[in-house]
Amino acid sequence: MIDALDYEIGNHRIACPDCGRGGRDKTTGLKVEADSVVLHCFRCGLVQSFHSERTAVRRGPCTKPQQAQQHTSLNEWGRALWQSTHELAGVALDYLKHRHCVIPPAYGDLRWHPALKHPTGYTGPALVALITEVHTNQPMSLHRTWIQATGKADIDPPRLLLGNHATANGIIRLFPDDEVGHTLGLAEGIETALSLAWFGYPVWSTIDAGHLGKFPLLAGITQLVIAQDNDPAGIAAATTCAQRWADADRWVIVTKQAQNDLNDEVSK
Ligand SMILES: [Zn+2]
């Protein structure tokens with residue numbers, strides 16, 4: 001993490017906490033003011049803002065950083081990172097098996113990296129999922145989950161999207177398009193979707209409730225199965241999505257469970 005006390009008030013160039021390679025690789029602009037710090041990496045797109053501990057008295061909420069232009073498709077750094085990932089194996093398989101997940105096809109959009117850097121400085125194995133535009137398949141961003149064999153890595157947060165990449169209409173194709181027939185299974189989280197896959201459906205992950213609620217009608221899919229998360233946002237999103245598909249005369253099944261999500265249920 002960046003310690004603002006190390007820097008004078010003003011503008012600096014530093015190594016990126018996310019994509020930095022160390023040494024003189026300074027791709028990140030750091031703007032230090034009396035009560036706030038804003039950081040923006042020109043390579044990976046990371047944007048962070050936080051209060052500086054410089055002054056004892058806090059002066060209200062941190063001002064939003066000026067919104068940098070969002071990437072609408074995966075930038076060069078993200079593409080290189082995706083190229084450096086591997087077919088699921090080792091700790092990634094151990095993790096997924098421990099979570100009682102179906103192992104998705106090797107040519108789906110879930111892969112892993114044995115030693116991926118986290119903005120906190122931690123480096124370790126991570127699942128890496130490609131987010132693609134739902135209609136065009138255009139790569140948009142990456143979703144990373146730092147893991148160990150028996151659960152998520154003990155870092156905060158264990159899951160991260162790439163900074164400064166748009167994800168509207170983005171989806172994680174855990175199963176590739178040519179495995180999707182008339183039926184598609186959908187869930188917010190990767191592990192939940194891979195639990196739904198036990199029912200025999202090809203599955204995709206919408207990343208979160210917001211994207212689930214907006215999931216559009218797709219030609220050729222006549223049955224949608226949604227593994228609904230058991231929280232207010234999850235229920236609202238599944239209901240909105242189910243209604244959209246039902247209104248267009250598609251079969252829609254929404255799974256419900258007492259646990260928070262279907263992965264908790266299959267892990268019992
Ligand atoms: Zn960066």
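Is Lys31 buried, partly exposed or exposed? Select Lys31 and look: it is partly exposed, with a relative accessible area of 42%. (Buried means under 20% relative accessible area, exposed over 50%, and partly exposed in between, using a 1.4 Å probe and protein chains only.)

Before moving on, a bit of housekeeping. You are looking at a predicted model, where local features need pLDDT of at least 70 and side-chain atom pairs count only at pLDDT 80 or more, while totals for chains, interfaces and linings use all residues. Residues are numbered from 1 along each chain as its sequence is written, and side-chain values use heavy atoms, with hydrogens and water left out.

Lys31 and Glu33 form a salt bridge, with their closest N and O atoms 3.7 Å apart. (A salt bridge is a side-chain nitrogen of Lys or Arg within 4 Å of a carboxyl oxygen of Asp or Glu.) Glu33 is partly exposed too, at 33%. The structure holds five salt bridges, so let's visit a couple of others.Select Asp18 and Arg144, whose side chains meet in a salt bridge at 3.1 Å, N to O. Asp18 sits in the loop between strand 1 (10–14) and strand 2 (28–32), and Arg144 in strand 7 (residues 139–148), so this pair ties together parts that are 126 residues apart in sequence. (Strands, E, of at least two residues, and helices, H or I, of at least four, are DSSP runs numbered from the N terminus.) Both Asp18 and Arg144 are buried.

Next, pick Arg43 and Asp25, another salt bridge, with closest N and O atoms 2.7 Å apart. Arg43 is buried, at 18%, and Asp25 is buried, at 15%.

Time for the metal: click the zinc ion. Cys16, Cys19, Cys41 and Cys44 coordinate the zinc ion through their SG atoms, at 2.3 Å. (Donors are N, O and S atoms within 2.8 Å of the metal, or 3.2 Å for Na, K and Ca.) The angles among the four donor atoms run from 106 to 112°, and the site is tetrahedral. (For four donors, that takes all angles between 85 and 135 degrees.) Cys41 and Cys44 are buried.

Last stop: select Asp18 again, with Cys19, Arg21, Trp77 and Leu81. Of the 15 residues that line the second largest pocket, these are the closest to its centre. (On a 1 Å grid over the protein atoms alone, a pocket is an open set of points where a 1.4 Å probe fits, with protein on both sides within 12 Å along at least five of seven lines; lining residues have an atom within 4 Å of a point.) Helix 1 (76–83) and strand 5 (110–117) each give two or more residues to that lining.

Definitions and conventions: Tetrahedral: all angles 85-135°; square planar, octahedral: opposite > 155°, others 65-115°.
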